[in-house]
Structure formats: structure tokens, C-alpha cells
Amino acid sequence: MKIECDKVMTIDDFDESFSSWKGRVLTIMGEYIKVSQGGVQPLYFDTIYLFEKNGVLIGFKYGTPFNECYITTQDGQISECYVDATPYMFEDSQHTYAVVKRRYKNVDLKRQVIGLGVIDIATLSSLDSKYTWPMWESIESIHNGAIVIKKGERSYGMSTLDKFPTCNLANHATSIEMQDDEENVYLITKFNGRYTETLKCNFSKQLSRIKLKR
């Protein structure tokens, strides 16, 4: 299930009713919104996204060579620095996941790239800490442990929470659509060079075998 952001604020539209929010103190400090939390170093952001359901705050600071983005939790955890994060999260398998982008050195390409990652909000840790895959565009859905990945224009793959980023369910697809009326069933379309083929795949058996490291 996708969890949308409940409130977006900048210094221009700062809402005083959120000055005290989920264990944090939010104030205007010069050109930034200052986020203070007991026992934690204050953070300064241009824009903040607030999620009422789980008390997560995602903050962005612009104007540097690369954007700075941090995720903070109600209990005082602060993530590492990312270059981007989506203004929504996914709730699945009794956990909440954020989608982030991080600048790192790809060991295969031997250069700095921006990679897509999935973060478990409970620990602020990545499902895969190596970040050894090139940049993908977005995560379309996380449902019953199945992750639909948009790699680029008309390029999709499917992974599971325990195998991400390996596309162990489907790869090289031109589209992947979940069937709303059938649990764990997806329509996967591929182009083989001459014609387009659409397969109806039930992944219930594969998803029942997922073993997550907690």
C-alpha cells in the first residue's frame, strides 16, 4: 500500500501549527526550516515532507553540487545522506519502506553514479547495502513482498524484498501490471524483437518463500 505525504512545507508556507510535531521542534532559521529533536544534531532543510501515520520526516536541502536528503523518524533515528527520496512510502509485510537515490561508486562501472534503493523505515537500513546496480527510475509498487521496478522508458523488472535488486521474478519487460481482482497475479508484457507477448503470472508460490533479514 502506498502512503502519501500529508504535509509539505517550505519557509514561504511554513505552518505554525506544526511547530511541535511528533517529538520534533520545527522553526524558521534564516533561509531554512530547522528541525530539532532531543539528543540529535539539528538539521536544516529547504523543504520538508511530513507523514502523520508513522511520524517520518523527509527533508531536502538544495543549492549544493548534489541535493541533500535525510529521513528522520519519531524515535530520533536519522538516515545517511541521500540525493533524493520519493514523497511517498510503501507499507507491506508489516513494514514501511522508503525509496531513495544515493550517489556512490559503482564497482562494475568504476565511477560515481546515482543508484535507486529501498530503505526499511524501522531501521533506516537498505535492503541491499552494496548499491552495485546502475540507476533505475522508480519503484512502482511493493505488494506482498513483490517489487515492481521501472528501470526506464518501457523497461520494467520485478524483484522480491529478500532478493532486491536482483530481478528474480521478471526482467526485460515493457510493462508489468498487477491484477486488482487476483492476488499476486501480474500481467507481464515483453517484446521479443518481432512481436509483443503478454503473460499472466501468478507469483504466490515464490512470494510465500520470502525470508527477510530483520
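The sulfur of cysteine 81 lies 7.6 Å from the closest cysteine sulfur, that of cysteine 69, which is too far for a bond. A disulfide here is a pair of cysteine sulfur atoms within 2.5 Å. The structure accordingly holds zero disulfides. Cysteine 81 is partly exposed, with a relative accessible area of 33%, whereas cysteine 167 is buried at 16%. (Buried means under 20% relative accessible area, exposed over 50%, and partly exposed in between, with a 1.4 Å probe and protein chains only.)

The model is a predicted one, in which local features need pLDDT of at least 70 and side-chain atom pairs count only at pLDDT 80 or more, while totals for chains, interfaces and linings use all residues. Residues are numbered from 1 along each chain as its sequence is written, and side-chain values use heavy atoms, with hydrogens and water left out.

Phenylalanine 60 brings cysteine 81 back into the picture. These two residues are 21 residues apart in sequence and 9.9 Å apart in space, C-alpha to C-alpha. Phenylalanine 60 is found in strand β8 and counts as buried, at 6% relative accessibility. Strands (E, at least two residues) and helices (H or I, at least four) are DSSP runs, numbered from the N terminus. Leaving aside neighbours within four places in sequence, phenylalanine 60 is in contact (heavy atoms within 4.5 Å) with residues including Phe45, Tyr49, Cys69 and Ala85.

The largest one has 16 residues, of which Phe51, Val56, Ile58, Ile71 and Ile121 touch the most other members. Two or more residues come from each of β7 (47-51), β8 (56-61), β9 (68-72), β10 (84-92) and β11 (95-106), and β8 gives the largest share, three residues. In soluble globular proteins, nonpolar side chains tend to be buried together. Beyond its neighbours within four places in sequence, isoleucine 121 has contacts that include Val56, Ile71, Met89 and Tyr97.

Attention now turns to an open sheet. Four strands make it up, in the order β3-β4-β5-β6, with antiparallel pairing; two strands pair if DSSP finds at least two bridges between them. Since β3 (20-21) and β6 (40-45) stand at the edges, each with a single partner strand, one side of each is left without a neighbour in the sheet. Six bridges join β4 (residues 24-29) to β5 (residues 32-37), and threonine 27 stands opposite lysine 34 in β5.

Which elements give two or more residues to the lining of the largest cavity? A cavity is a set of points, on a 1 Å grid over the protein atoms alone, where a 1.4 Å probe fits but cannot get out, and lining residues have an atom within 4 Å of a point. The structure holds one cavity of 30 Å³ or more, and the largest has a volume of about 40 Å³, the space filled by probe spheres set on points joined across faces, edges and corners. Its lining includes Arg24, Val35, Pro42, Thr72 and Ile78. The elements in question are β5 and β6, and β6 gives the most, with four residues.

Key: Core = buried A, V, L, I, M, F, W, Y, C linked by side-chain atoms within 4.5 Å. 1 Å grid on protein atoms, 1.4 Å probe; cavity = no way out; pocket = protein on both sides within 12 Å on 5 of 7 lines; lining within 4 Å.
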